[in-house]
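Student: I am new to this structure and would like to go through it step by step. Could you show it to me before I ask my questions?

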Amino acid sequence: MAEFDYQDLVKATEGFSPSRLIGKGSHGSVYKGILLKENKVLAIKKSTIGIDHVSNDNSKKLENEICILSSLHDHHHQSPYIINFLGTSHEYSSRKLLVMEFMPNGSLHEMLHAAKTPPSWPKRVEIALQIARAVQFLHENNPLVIHRDIKSANVLFDENWNAKLADYGLAMSRVGSLSHQASQPAGTIGYMDPCYTTPSKLSTKTDVFSYGVVLLEIISSRKAIDVSKSPSSIVEWAVPLSQKHRVPIGEICDPRIGLPPYMEGTIRNLLNVAARCVSSKEENRPCIGEVAMEMNSFCLVERVKVVVASPCSWTCLVRSLILMRRQRRLAKKCKRKCEDYSEISKGKLLLREMLADR
Ligand SMILES: Nc1ncnc2c1ncn2[C@@H]1O[C@H](COP(=O)(O)OP(=O)(O)OP(=O)(O)O)[C@@H](O)[C@H]1O
């Protein structure tokens, strides 16, 4: 685990100046830092100071986040969909700071609810798959990690607009400082699994439920809880609507962008997955590996459909078909030449044998 010099971080953030503050969360403030020596941009999380017991709680959550993130980055296999952990630092008071990669393109929450241009349907499918991959990585990790706070505000975008799962303050694993038994149910209203009522009810399906809510949000661009609407909960609104016969899918989809006919099937499948994830019965929810596999197949089908729908991609497709045919023809020619060659060498061999007989 890399240890950053605290004074370097002070310089990098101009003394943790408010102008470098990206935002405040439940247990910490995140600052943008520029390491002048390396010309590297970082994000630094510092626990929030409050009255004594709150400060203690906040720094415990940050320590837990550091512990989980460092354990996830200890392995040879890292996920491109988990925020990159870069290291830690210590303030004089010995409070720890978390140093991670800087995500310059905001959160999925901002993209869906505040951006001027809403994301396209293929981009939404891609994001859904990337988040599923992140959660799959956590659930299939050894030791297993349960995030407990999957929500659109915790999905951040890197410089290439790839989605990464962040904020591990509530995450639980055997390496975390919080233990399953001791920790009370926690999460964010609107995303929290209704079955998670006692510490012992925590399971990977708790995350699957929250993932389902995020999927509904991706499809509809409606907030998880919107008190100006009735019902205010996205789950209570979308699931019965999706199960009603003859309700056009357009009624659930983001009304700001039209749904092209070639995407309809994919989005309907996405909606079905979301409905299974938010099932009130835990046993009816799929595991995240299954979800990721299904998402992957939707992405593939959708890519083929994009190729079919776009004239530019058609040209690419035809070009690659011509290339494939040409390669096959060349291979055949080559094979024939080889066969001829082997015939010649067979003949030569025969002649040599005949000559030797004489
Ligand atoms: N690595 C990062 N790069 C850029 N911005 C980040 C990074 N990590 C967090 N942020 C931003 O900093 C702010 C605070 O993030 P933080 O994870 O502490 O809390 P939160 O997710 O907003 O809230 P909560 O902790 O209550 O769930 C958010 O606006 C978040 O988008």
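Student: In which sense do strand E1 and strand E2 pair?

Tutor: This is a predicted model, in which local features need pLDDT of at least 70 and side-chain atom pairs count only at pLDDT 80 or more, while totals for chains, interfaces and linings use all residues. Residues are numbered from 1 along each chain as its sequence is written, and side-chain values use heavy atoms, with hydrogens and water left out. Strands are DSSP runs (E, at least two residues), as helices are (H or I, at least four), numbered from the N terminus, and two strands pair if DSSP finds at least two bridges between them. For E1 (residues 21-24) and E2 (residues 28-35) there are 3 bridges, and the sense is antiparallel.

Student: Which residue in E2 is the bridge partner of Leu21?

Tutor: A hairpin joins E1 to E2 through 3 residues. Across the pair, the bridge partner of Leu21 in E2 is Tyr31.

Student: Which residue forms a salt bridge with Asp167?

Tutor: A salt bridge is a side-chain nitrogen of Lys or Arg within 4 Å of a carboxyl oxygen of Asp or Glu. For Asp167, the closest N and O atoms of the pair are 3.6 Å apart, and the partner is Lys45. The pair links distant parts of the chain, 122 residues apart, with Asp167 in the loop between E7 and H5 and its partner in strand E3 (residues 40-47), namely Lys45.

Student: Is Lys45 buried or exposed?

Tutor: Buried means under 20% relative accessible area, exposed over 50%, and partly exposed in between (1.4 Å probe, protein chains only). Because its relative accessibility is 8%, Lys45 counts as buried.

Student: Is Ile189 buried or exposed?

Tutor: Ile189 is found in the loop between strand E7 (163-165) and helix H5 (204-220). Because its relative accessible area is 73%, Ile189 is exposed.

Student: How far apart are the C-alpha atoms of Phe298 and Gly265?

Tutor: Phe298 lies in helix H8 (residues 288-309), and because its relative accessibility is 9%, Phe298 counts as buried. Along the chain, Phe298 and Gly265 are 33 residues apart, and their C-alpha atoms are separated by 9.0 Å.
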